[in-house]
Amino acid sequence: LCVCPSHPVTIHKMLTRSFKKTAAPAASYGARFMSRWTAERIPMGPADPILGLNEQFQKDTFDKKINLGVGAYRDDNGKPWVLPSVKAAEEKLVAHGWNGVFQKEYAGITGIKEFNDASVKFAYGADSPVIKEKRLATAQVLSGTGGGRLAFEFFARFLGKGTPIYMPDPTWANHLPMAKDAGMSLETYRYYDKKTVGLDMAGLMEDVKAAPEGSVFMFHACAHNPTGVDPTHEQWKEISAACKAKKHTLFIDTAYQGFASGDADKDAWALRNFVADGNDVCVAQSFAKNFGLYGDRIGCFSFVGSSTEEADRILSQLKIIIRPMYSNPPIHGARIVATVLDDPKLNPQWYAECKSMADRIITMRDSLKANLAKEGSVRNWDHVTSQIGMFCFSGMTPEQVGRMKDEFHIYMTKNGRISMAGVTSKNVEYLAHAMHQCTK
């Protein structure tokens, strides 16, 4: 832009003049920016059923209302609980930094090494041969969802788009779109028996054996979501042997280790048995439930290789998938988990706190069953206490669930799943009364 010195013109005036000459009428200006994203091209998506349920609950003014839909731990006052060991780890990080340094640098594609090392020891056991022999391809991921999506992307890329993955019927609802969006074909195997409100072991075994050799099967390591129904150790042994015989690849989702029974080693039994039997295994760990780090999105994905060389090749490809997906994972929650698991004082403190969460859930199961009997219910409610973990599959029908909400202001998913974390010593009697009235 050249301005003659003998005729100085301010930039403001020049811009003003230019704008006045070229500005289009408002209606014309708006017409140029009509959106291409019409309702015909982008329809309104359906609301998330659980989030929609929460919105209804928040608007309800009834003083005895109960929310049994949210899959997050609550204390006996119905409040979220930040574990004291987690608070202590955060205070330690604030005071001393990470490895003595105060920094917020990128963690790298596979995340924080100390976190990954602590995570696999937690899952597989500190003395696991796969750790000692360096046969694990390990990456920090965005909680369980991130680990699952990474696994499904890997399968789709190296087993082929459209490769079927067999999931338990039912399973956590998010598993389905995670696999579908990665390009896998969804299949199911029999798991829950509505008649017994328990495990359909015969159907499960038939489906594992009938699937094509080398299929991909997904299992919940413990505290199956949404049913709370887990196989026994003997049943897990049968399942493992059948999978090994058919050369299936197993994706293990473990989101409740320590939270299910209060014993982290017990909750890892099925996973460790699959590995000990020589199955082809990969694992997605989440630290949302057992550490209360819901919003930190902290998880670990690991793939067992037959050798160090194979594990290295797998890891190289996982990095290639991760890089354009989310580049690298968040650091804060991973530092908390690593600090807690590696600290000689915080580690046992966390185990005790995690057990206290599991014990509260177990106590509420016992109390709910007892109060149902007190109400005079003649139905068999043994499954309330035989199931494990955060969720109880009540066996209630969608119609009965509807009555629970409309008449008693108790909110739960249509499939009858109860989040036991929402049950407290203050509302369990009212809950039992409502369940009896709706099921008698």
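1. Helix α9 (residues 201–210) packs against helix α10 (residues 233–245) at an angle of about 15 degrees, and their axes lie 9 Å apart. Axes here are lines fitted to C-alpha atoms, for helices over the stretch in contact, with angles from 0 to 180 degrees between N-to-C directions. The two helices are therefore roughly parallel to each other (angles under 35 degrees count as such). The contact (heavy atoms within 4.5 Å) involves M201, L204, M205, V208 and K209 of α9, and Q235, E238, I239, A242 and C243 of α10.

2. The model is predicted: local features need pLDDT of at least 70, side-chain atom pairs count only at pLDDT 80 or more, and totals for chains, interfaces and linings use all residues. Residues are numbered from 1 along each chain as its sequence is written, and side-chain values use heavy atoms, leaving out hydrogens and water.

3. Helices (H or I, at least four residues) and strands (E, at least two) are DSSP runs, numbered from the N terminus. In strand β7 (residues 216–220), 5 of the 5 residues are buried (under 20% relative accessible area, 1.4 Å probe, protein chains only). V216, M218 and H220 point one way from β7, while F217 and F219 point the other way. In a regular strand the side chains alternate between the two faces of the sheet.

4. Strand β7 pairs (DSSP finds at least two bridges) in the parallel sense with strand β8 (residues 249–254) over 5 bridges. M218 has F251 of β8 as its bridge partner. Strand β3 (residues 164–169) also pairs with β7 in the parallel sense, over 2 bridges, and I165 stands opposite V216.

Key:
Buried < 20%, exposed > 50% of the residue type's maximum accessible area, 1.4 Å probe, protein only. Parallel < 35°, antiparallel > 145°, perpendicular 65-115°, else oblique.
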